[in-house]
Amino acid sequence: MVCIACLLPLFLVPIVNLLPLLFDYIVGKVYALFGWEYRKPERAPPACPYKPAARQESGNKVEGIHATGEQVPVSKAVAPGDSKQD
């Protein structure tokens with residue numbers, strides 16, 4: 001026997017995924033009652049959960065200069081005693 005609470009996520013996930021579509025449908029019908037046009041907003045594409053490791057560039061060893069030649073400011077280390085006092 002399987003407890004009902006264990007099966008609840010199986011039914012909630014599809015319902016939660018349909019909420020934005022259901023909202024757009026209902027709001028579109030309400031707008032149509034008033035004679036307005038409802039345009040669905042653009043949704044952000046789903047993010048990929050896998051993040052590849054950053055590639056190491058071995059061609060350019062100079063700090064602060066990219067391969068395109070543009071210079072980027074490099075932050076300098078601050079001594080422990082240096083603190084800004086206003």
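A salt bridge is a side-chain nitrogen of Lys or Arg within 4 Å of a carboxyl oxygen of Asp or Glu. With that definition I began my reading of this structure.

**Entry 1. Basis.** I noted that this is a predicted model, in which local features need pLDDT of at least 70 and side-chain atom pairs count only at pLDDT 80 or more, while totals for chains, interfaces and linings use all residues. Residues are numbered from 1 along each chain as its sequence is written, and side-chain values use heavy atoms, with hydrogens and water left out.

**Entry 2. Overall make-up.** I looked up the secondary structure and found one helix and zero strands; helices (H or I, at least four residues) and strands (E, at least two) are DSSP runs, numbered from the N terminus. Of the 86 residues in the chain, 2% are buried. Here buried means under 20% relative accessible area, exposed over 50%, and partly exposed in between (1.4 Å probe, protein chains only). The chain has an accessible surface of about 9100 Å², and carbon and sulfur atoms account for 63% of that surface. Accessible areas come from the Shrake-Rupley method with a 1.4 Å probe; for residues, only the protein chains shown count as cover.

**Entry 3. The salt bridge.** I asked how many salt bridges the structure holds. There is one, and the side chains of Arg43 and Asp24 form it, at 2.8 Å from N to O. This pair links distant parts of the chain, 19 residues apart: Asp24 lies in helix α1 (4-34), Arg43 in the segment after it. Side chains of opposite charge can pair when their charged atoms come close.

**Entry 4. Asp24.** Is Asp24 buried or exposed? I recorded Asp24 as buried, because its relative accessible area is 5%. Its side chain also has a polar contact of 3.0 Å with the side chain of Tyr38; such a contact is a pair of N or O atoms within 3.5 Å, where within protein one must be able to donate a hydrogen and the other to accept it, and residues adjacent in sequence count only if both atoms are side-chain atoms. Leaving aside residues up to four places away in sequence, Asp24 touches Tyr38, Lys40, Pro41 and Arg43, where contact means heavy atoms within 4.5 Å.

**Entry 5. Arg39.** I then looked up Arg39, in the segment after α1. Arg39 counts as exposed because its relative accessibility is 69%. Arg39 and Gly28 are 11 residues apart in sequence, and their C-alpha atoms are 7.9 Å apart in space.

**Entry 6. Val30.** Finally, I placed Val30 in helix α1. Val30 counts as partly exposed, because its relative accessibility is 38%.
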